[in-house]
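Please read the following note beside the sequence and the coordinates.

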Amino acid sequence: MSDRDVCVIAIDAGTTGVRSRAVFPDGRPAVASYREFTQHYPQPGWVEHDATEIWEAARTTLDDVIAEVGLDHVAAIGITNQRETVVAWNRTTGEPYGTAIVWQDRRTAGRCDELEAAGHLELVRDRTGLVLDPYFSGTKFEWLLRERDIPTDDDLALGTIDSWLIWNLTGGDVHATDVTNASRTMLFDIGERRWCPDLCELLHVPIDALPEVRPSSGRFGVTSDRCGVPAGIPVSGVAGDQQAALFGQACFEPGMAKNTYGTGSFVLLNVGADYPEPTEGMLTTIAWELADGTVAYALEGAIFVTGAAIQWLRDGLGIIDEAAEIGPMAASVPDSDGVFVVPAFTGLGSPWWDPYARGTIVGITRGTTRAHIARAVVESMTYQTRDVVDAMVAASGTPITDLRVDGGASVMDDMLQMQADQLGVTVRRPVDQETTAIGAAFLAGLAEGVWPDLDAIQAAWQLDATFEPEPDRTVSDTAHAQWLRAVDRSRAWAD
């Protein structure tokens, strides 16, 4: 069998479903299978998943892909996953202790407020690069153990979705996670790259129940037929979804960044091998660790609403019938005629972190049309991204050299040209938009020699379109200054 015939299967365990995808080093079309799973909302602000259902979706889609490509052609499995979602299970029985608590869940907001009031924010920022927020895993683990009265004995296993999948794929032989997922738990010292005893004690999380932390690229174990999949396939790459996308976009040098335009947007900037000082308004995270010990750190900005604003135009206002109409409608006018939409529907994320901000439309006149509002929504994506990037560059001293984009809204050429003009840097869109799965496949394939080095992965990244910024930034800077005035009017609106 030649190298052309092998593939790496990425298991992409997202928030609403699992996709398994075979990635071929010769660039041939991928083979994929997808299964949705159930969303549970037991009360307002609570979001839960059935961990067993997630595993079944992963196992089924993996079987589908193996059946199509042939077992002999599968060189490795990589995993990428929704981050911060937590599971507790019994090591002996393999059964979860109830449902998983999802990253979106807000039930521990009060606990985070208590911790901040007690003066623990500085410890969290210094050790983890994060902020005290229910978004992260630590207070979720604490809630599970306390409220479900889970026994903290030798049978207890705690983990995020990646470690749950590794456990099942290896038939219970391996309880492990990678540095990227660990770095989102609020329990992990990202400078020392180990679990932090002080934070585990603070949140009453037994450190022995947590998974072993390993590099993102390297063999975690092999599949076991005890789990219902073929035995002996190496599981060799793991990364949280946004870090996997950064790797999948081949952003290997400091200054390279990626933005995923989804329901919200996540901007990650590679800042190199040294752990940067914690930065106000930004999250610091581990981008990846390779098998040879090479580590990259990233600054991350979370934008809560980008694509969701397009859904609001469709479902809330009825301005468009289909999401695909937004691009042509926005392009039908030369500008927004002074209209700005700040889509702070659930507050503002990076760099503001203002949960009390609310959505705002300013600059409306009698001449304002649907097209102007549509364009203002599209422009808001580029302004919010600039806010995040400007804060990252100011904090890290690492200038952005290149923005690589993916996600549903990245199909809009006009929006990406606006983005280039706002940032003053080149924006590049790849041919293949499934960058999280590709990143997981690259990490696993790198460990198993499918791609020999980072240069080979960089060569495998395929460019679809390039957008160069206008040399004169006067118009872009003026518009952004107006945008910041609109943001000021949206902030601290709710009681």
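The numbered points below begin with the basis of the model and then turn to its parts.

1. This is a predicted model, in which local features need pLDDT of at least 70 and side-chain atom pairs count only at pLDDT 80 or more, while totals for chains, interfaces and linings use all residues. Residues are numbered from 1 along each chain as its sequence is written, and side-chain values use heavy atoms, with hydrogens and water left out.

2. Seven strands form an open sheet of mixed pairing, in the order 17-18-16-15-21-22-23. Strand 17 (283–289) and strand 23 (463–467) are the edge strands, each with a single partner, so one side of each has no neighbour in the sheet. From one strand to the next the twist averages 25°. Helices (H or I, at least four residues) and strands (E, at least two) are DSSP runs, numbered from the N terminus; two strands pair if DSSP finds at least two bridges between them.

3. Within this sheet, strand 16 (residues 265–272) pairs with strand 18 (residues 295–303) in the antiparallel sense, over 7 bridges. L269 is placed opposite L299 of strand 18.

4. Helix 8 (residues 241–248) lies across strand 15 (256–261), strand 16, strand 17 and strand 18, and runs at about 55° to strand 17. Contact here means heavy atoms within 4.5 Å; axes are lines fitted to C-alpha atoms, for helices over the stretch in contact, with angles from 0 to 180 degrees between N-to-C directions.

5. Where does G27 lie? G27 belongs to the loop between strand 2 and strand 3 (31–36). Its relative accessible area of 47% makes G27 partly exposed (buried means under 20%, exposed over 50%, partly exposed in between, with a 1.4 Å probe and protein chains only). G27 and Q462 are 435 residues apart in sequence, yet 9.0 Å apart in space, C-alpha to C-alpha.

6. Two residues other than glycine have positive phi: E84, near 75°, and A492, at about 55°. E84 sits in the loop between strand 5 (74–81) and strand 6 (86–90) and is buried, at 2% relative accessible area. A492, in the segment after helix 15 (474–490), is by contrast exposed, because its relative accessibility is 57%.

7. Which peptide bond is cis, with omega near -5°? The bond from S350 to P351 is. P351 lies in the loop between strand 19 (340–342) and strand 20 (360–362).
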